[in-house]
Structure formats: structure tokens, C-alpha cells
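Hi there,

Here is the structure I promised to send over. Have a look at it first, and then read on for my notes on its aromatic rings.

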Amino acid sequence: MYSISCCVSTATPLYNRPSSVFKMMPFTPRNKLLQSTSNPTQNNNNMMGKCSKSLMAFPILLHTLCFLLFPQPLLSQENFVRQPAGQLIITPHHGSHSDPQQVHISLVGKEKMRVSWITEDKHTESVVEYGTKAGEYREKATGLHTSYQYFLYNSGKIHNVVIGPLQPGTTYFYRCGGSGPDFSFKTPPPKFPIEFVIVGDLGQTEWTASTLKHVDSNDYDVFLLPGDLSYADSQQPLWDSFGRLVEPYASKRPWMVTEGNHEIESFPIIYPQGFQAYNARWPMPFQQSGSTSNLYYSFEVTATHFIMLGSYTDFDAQSQQYTWLQSDLANIDRAKTPWVIVLLHAPWYNTNEAHQGEGESMRQAMEELLYEARVDLVFAGHVHAYERFTRIYDNKADSCGPMYVTIGDGGNREGLALMFKNPPSPLSLYREPSFGHGRLRILNETHAHWSWHRNNDADAVVADGVWIESLSSSKACSKTPDQQDAANEEL
């Protein structure tokens, strides 16, 4: 949700509470950290990796200086209340320098998968061996690698290998770098039904672990994350810890993500563009959709078209993202792809006290494009609570507009946004400040079921659910907006 980055998009400013500007993300004392080993000395060494505590403090001091020099973009008045966040989880690496860590996969086109991982050994090959039987690797692919430096932090070797073509609905076994443990994943099915898990503002806390546990308790096909992944906020070793935390899940189902404000990590002059760690660690298939930026892209899976928009890059009518979105929407064949779904970080509709109006300029710029294209659903994060709206266009209920859902309740590190505006808006049909995750099960070309699973309880509880009809199957919405206006005038 919050960021201490100083250099951000002029179109969408970020905010920070004055009381937390100098705190950044303080580490919990070591004896209170949740760690996956009983050796505290080893945990501390692994947690820091190649950076000592003093190195991690260096960017904090620079950001503090940035605040003193450029205070205005960081400040806002906030009167909402938060439930305390869960304790930070630090996940160490127990393998050798050449062993793969932070393994995760993502979709690339209809028949391929990108495998990404990191090694501390800079000589490890960027190669993936894979096959349909455990331990039998009949196929092999070689890819690329990269690394980056952020102040005094140097990343490990970041490997990216695209494998395929792959068969749909098939389990594959794979090994990264020619050694280390075996992994497996299942490709999405060739036809409906298909199930998506959607979680925003994930972080790496006790609540994160609870969310991921509940997600993993039932099978699904693709994991979607609308921004705010690690909450590293310039403390780069936290990117490594996050990658290790999610590896058991992200290595066996494709994770498709878009950026949030916590991914920016910009700094005037030195890192003015931001997103260095995010782009290096979480490359998405933007080139395949004609995008020129990893911050926005689209992909298709099982007759469903997903558009991942960037809330923290330019989006006005003169921007590259706007032009790309126009083209992307125009190229969708609804006869072949009946479902169109959008994910972004800052919500366009929001009745929580938190982050009021932060997505408004983007809504004004792009909402008409989504409405005319008959987008079915729009998922957002940023606000640490759950909220489901009716179908909306231009602040009014509209049966041909998208259904909007805020799902920024994955885990984070700042707690929940507990206060909603009263009286409730008639556009908001369900709202609750609890941690949880969502599931979208698309049954066929016309119907899908959305459910939200609260995980404040020991077991995940389905707290909200609704059946959804695709707009492509609606005769009333198959008309163009002009035709619909004419029909309304006749009535």
C-alpha cells in the first residue's frame, strides 16, 4: 500500500503516513521473527545474504534524506484505522550456492512457460531440463540471465528460461541449472472449466502464510496478483526472502503479476525510473502482447483474455499504455475468447476510507475503453480489505459495465483498512476488512462463479460468492453504446 519511494509517476502520486516515513520497514527483533530453522545464527546470516545490516540501513538513510528534500509527495492525511499486521516471516536459503532458489513460473503464450530462479553461484547455467515423468528429462531448454545492483546490494544470478511447446492439462517435472531439487507444475486445461486464484498485496507475514496455506488447500490453475508482492521497499534482501517464501506455490502453478506502489523503489537521479528489482525478478510476457513495458501486458489462457494494467506508469490518452490498451482490446475475438478480465493495483471504485481517489485519474482516462469493450471484471488491490461492487460505468450501476472487486487483503505488512464510508454506497454489495483470497471459477462460455474466502479463521471460510454471466453472451450488451443509447431513447 504505502511506499517511501520519492520519484513516482506524476499522474498517480503515492502517499505515506507522516508517522511512518522514517520507520520504513523496521526488522522485528530476531527472537521474534518467524523462521523455518531453529538455528538463529544461521537464520540471521542467511537473511542478510550478501548485505549486512549496515548495508540495508544505507538506502533507509538515503530515503530519509529524500524525504527531507522532497517531502510533499509523501504526505497525506489519513483517518482510517488499521488492524495490526502479522509478524514478518524471514525465509532463509538452506541449499548450496549453485542450488536454485526463488523458483517461480509464468505463462508465455499458449504453449510455453517461463521458469525463473536465482543462484548465488554466478557460473550456474541458465538451463531447464523437463519431461512428463519424474526424474526423466527428455527435453532441455537454455535461456538468459541477468542481475542488478541497488546501492550496495548485488543480486544473485537471475535465470529466465522459456520451455515448450507444452501440452495443456499436463503435469511436467523439471530441474533448474542441471542440479538441485526436482520441481513440477501442471499446465492450464485446454477448455473450461478453469479456476483462478486472485490475491493482492501479499507481503511476507503470518497472514501471508495463512493466505497461501488456504490457497493451497484446494486445487487451481493460475495465480493472479494485482500488485504489491514482497513489500521490500528498497530493502533488497526482502525480495530474496519473499521469493523463497512463495517458491512452494509459485513453482507449481503459473503466477501472473502486475506492479503495485511497493514495487517502485525509485530514487532521484540514481534510480529515477524505479521497478528495477521487480522487472529483473518477475518478467512477464509483455512482448508477446505488443507491449513495450513489463508494467502492462495481456495474455490468454483457456478462452479468457487477461489485461494487466500499470497504475504507476503513464496512462493518459497520449501515453503508450493507453494506445496499447486500445489496440489490445480491439484485437480480442469474443467469439473465441468470451471472457475479458482486467487487473490493476489502485482501485477505480472504493468506499473504504483508505486511498480514496487514488485511482480516479486512471479511471477517467481508461474506463470508457473497458466499457466499450465489454470487460467482464476488474480486480484491484492497494486497499487492505475486500469489497465487491455491482456492474458499474461512470459511477452508476450499469448492467453492461464490469463488476469491480477490491482484493488487497493477501497479507501485507501494514494491517487491514478497517473503516468504510457510511452510509454504504448502493454500488457496493459486500465489504469486509479481513485477510483472505478470491477464486474465480469459469465454468463455460457464459457463466462463472466468484467466491471470497476469509482466512481470519483457522480454516478458510467462504464469506462471499456470486454467479456471473459473461457480457459477450448478453444480447442487451452486444449492442454498441450508440445502439444502446438509441434503444433507451425509444423506451
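How many aromatic pairs does the structure hold? There are 26 of them. Please keep in mind that this is a predicted model.

Let me start with tyrosine 172 and phenylalanine 185. Their ring centres are 5.8 Å apart and their planes meet at 25°, so this pair is stacked; the cut-off for stacking is under 30 degrees. Tyrosine 172 belongs to strand E12 (residues 171-176) and phenylalanine 185 to strand E13 (residues 182-186), so the pair ties together parts that are 13 residues apart in sequence. Both tyrosine 172 and phenylalanine 185 are buried. They also belong to a cluster: ring pairs link Tyr130, Tyr172, Tyr174, Phe183 and Phe185.

Now for another stacked pair, tyrosine 371 and tyrosine 393, with 3.9 Å from centre to centre and 10° between the planes. Here a helix meets a strand in the pairing: tyrosine 371 lies in helix H7 (residues 360-372) and tyrosine 393 in strand E21 (residues 386-393), so parts that are 22 residues apart in sequence are tied together.

Are these two tyrosines buried or partly exposed? Tyrosine 371 is buried, because its relative accessible area is 7% and buried means under 20%. Tyrosine 393, with a relative accessible area of 22%, is partly exposed.

Happy browsing, and do write back with any questions.

Best wishes

Methods
Residues numbered from 1 in each chain as written. Predicted model: local features only at pLDDT ≥ 70, side-chain atom pairs only at ≥ 80, totals over all residues. Heavy atoms only, no water. Phe/Tyr/Trp six-rings, centres within 6.5 Å; stacked < 30°, edge-to-face > 60°. Helix = DSSP H or I, 4+ residues; strand = E, 2+ residues; numbered from the N terminus. Buried < 20%, exposed > 50% of the residue type's maximum accessible area, 1.4 Å probe, protein only.
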